[in-house]
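Here are my notes for your first look at this structure. Keep the sequence and the 3D view open while you read.

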Amino acid sequence: MNYLKNIKKYGVSFLIFISIILVFTFFLSIFYYFGVLSYKTISIIKMIILLLSFFGGGFFMSVSATKKGWLEGFKFAIMVSIFLLLFQLLGIDKSFHIKDMIFYIILFITSIFGGMVGIHFTLHEK
């Protein structure tokens with residue numbers, strides 16, 4: 001029974017992650033299509049969207065936890081990073097560079113921070 005609860009928690013967090021990316025990217029592409037934003041601005045906003053989605057996923061992952069929010073954020077970051085890494089290596093013909101490693105470390109830190117903020121809100125809510 002506990003496994004089903006964990007799978008549901010991971011699934012909801014992953015859906016929140018994907019939803020944030022899809023909604024913000026949709027609006028971003030509309031702004032770019034009509035020429036409101038430049039390409040340089042788009043590349044910065046894409047990074048911010050990914051950071052927000054990692055933060056949101058780590059946050060919602062740790063809301064149901066009672067302690068160690070950083071660990072919940074870390075678990076979420078590992079789950080999603082494996083997905084993104086496989087997508088990058090198998091889906092896109094691109095090799096892995098040190099720049100990518102720094103990028104994933106930033107995403108891990110953001111997700112861990114989201115988990116810590118989520119556990120903070122959970123503890124003060126009770």
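Which helix gives the most to the lining of the second largest pocket? Helix H1, residues 2–33, does, with seven residues. Bear in mind that this is a predicted model. My points follow.

1. The overall fold. Start with the whole chain. Its secondary structure comes to four helices and zero strands. Read from the N terminus, the order of elements is α-α-α-α. The C-alpha atoms fill a box of roughly 45 × 30 × 25 Å along the principal axes. The chain has 126 residues, and 31% of them are buried.

2. Contacts across the sequence. Take the contacts between residues at least 6 apart in sequence. Of these, 72% join residues at least 24 apart.

3. Lys 9 sits in helix H1. Is Lys 9 buried or exposed? Lys 9 counts as buried, because its relative accessibility is 16% and the cut-off for buried is under 20%. Leave out residues up to four places away in sequence, and Lys 9 touches Met 61, Ser 64 and Glu 72.

4. The largest nonpolar core. Which residues make up the largest nonpolar core? There are eleven: Phe 17, Leu 50, Phe 54, Met 61, Phe 76, Ala 77, Val 80, Leu 84, Tyr 104, Leu 107 and Phe 108. The elements that give two or more residues to this core are H2, helix H3 (69–91) and helix H4 (98–125). H3 gives the most, with four residues. There is a general pattern to keep in mind here. In soluble globular proteins, nonpolar side chains tend to be buried together.

5. Leu 107, a member of that core. Pick out Leu 107 in the 3D view. Leaving aside residues up to four places away in sequence, Leu 107 touches Leu 50, Leu 51 and Phe 54. Leu 50 and Phe 54 also belong to the largest nonpolar core.

6. Ser 62, a buried serine. Ser 62 lies in helix H2, residues 39–63. Ser 62 counts as buried because its relative accessibility is 0%. Which backbone oxygen lies 2.9 Å from a polar atom of the Ser 62 side chain? That of Gly 115 does. The backbone oxygen of Phe 59 lies 3.1 Å from a polar atom of the Ser 62 side chain.

7. Ser 111, another buried serine. Ser 111 is placed in helix H4. Its relative accessible area is 0%, so Ser 111 is buried. What does Ser 111 touch, not counting residues up to four places away in sequence? The list is Phe 54, Gly 58, Gly 73, Phe 76 and Ala 77. Phe 54, Phe 76 and Ala 77 are among the residues of the largest nonpolar core. Ser 111 and Gly 56 are 55 residues apart in sequence, yet their C-alpha atoms are 7.7 Å apart.

8. Phe 55 is found in helix H2. Setting aside residues up to four places away in sequence, Phe 55 touches Thr 110, Phe 113, Gly 114 and Val 117. Phe 55 and Phe 26 are 29 residues apart in sequence and 19 Å apart in space, C-alpha to C-alpha.

9. His 120. Finish with His 120, which is in helix H4. His 120 has a relative accessibility of 43%, so it counts as partly exposed.

Technical notes:
Residues are numbered from 1 along each chain as its sequence is written. This is a predicted model: local features need pLDDT of at least 70, side-chain atom pairs count only at pLDDT 80 or more; totals for chains, interfaces and linings use all residues. Side-chain values use heavy atoms; hydrogens and water are left out. Buried means under 20% relative accessible area, exposed over 50%, partly exposed in between (1.4 Å probe, protein chains only). A polar contact is a pair of N or O atoms within 3.5 Å; within protein, one must be able to donate a hydrogen and the other to accept it, and residues adjacent in sequence count only if both atoms are side-chain atoms. A nonpolar core is a set of buried Ala, Val, Leu, Ile, Met, Phe, Trp, Tyr and Cys residues joined through side-chain atoms within 4.5 Å. Contact means heavy atoms within 4.5 Å.
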